Amino acid sequence: QVHLVESGGGLVQPGGSLRLSCTASGVTQTIGAMAWYRQAPGQGRQQVAFDTDTATTYEPSLKGRFTISRDKTKNTVFLQMNDLKPEDTGIYYCYANIGDPVLGTARTYWGQGIQVTVSS
């Protein structure tokens with residue numbers, strides 16, 4: 001059974017940095033994509049960054065401050081967040097799409113979420 005576990009969140013002052021990590025365990029098929037989403041208090045879930053083998057995309061307003069990267073040997077995705085602002089506060093969720101879409105075995109998985117708070 002696949003599990004995604006996030007780490008690296010916490011409290012940081014405005015202008016600070018955090019690096020989130022998410023590792024997928026129990027993976028027996030190809031990971032087609034990994035991504036980060038976030039949900040601010042009282043708002044819906046927003047895509048932050050999305051990474052596949054062929055492309056990486058960012059929420060336009062975050063590009064330049066946030067960087068997604070992957071260690072495919074460890075089924076891990078990272079999110080480096082720099083120059084953090086209070087509006088970056090929220091719960092950050094890891095996402096993975098695992099399996100073969102052509103064969104119809106692709107499924108979406110989510111982590112439990114990790115809190116990021118930007119405050120002085």
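1. Start with Lys85: this residue is partly exposed, at 28% relative accessible area (buried means under 20%, exposed over 50%, partly exposed in between, using a 1.4 Å probe and protein chains only). Asp83 is partly exposed too, at 39%. The side chains of Lys85 and Asp83 meet in a salt bridge, 3.5 Å from N to O (that is, a side-chain nitrogen of Lys or Arg within 4 Å of a carboxyl oxygen of Asp or Glu).

2. A quick word on what you're looking at: this is a predicted model, where local features need pLDDT of at least 70 and side-chain atom pairs count only at pLDDT 80 or more, while totals for chains, interfaces and linings use all residues. Residues are numbered from 1 along each chain as its sequence is written, and side-chain values use heavy atoms, with hydrogens and water left out.

3. How many salt bridges does the structure hold? Five. In one of them, Asp88 pairs with Arg38, with the closest N and O atoms 2.9 Å apart. Asp88 is buried at 0% relative accessible area, and Arg38 counts as buried at 10%. Arg65 joins Arg38 and Asp88 in a salt-bridge network.

4. Have a look at Arg70 and Asp51 as well: their salt bridge spans 3.1 Å, N to O, and both residues are buried.

5. Now the greasy part. The largest nonpolar core has 27 residues, and Trp36, Leu79, Met81 and Tyr92 touch the most other members (such a core is a set of buried Ala, Val, Leu, Ile, Met, Phe, Trp, Tyr and Cys residues joined through side-chain atoms within 4.5 Å). Apart from it lies another core of five residues, including Ala33 and Tyr95.
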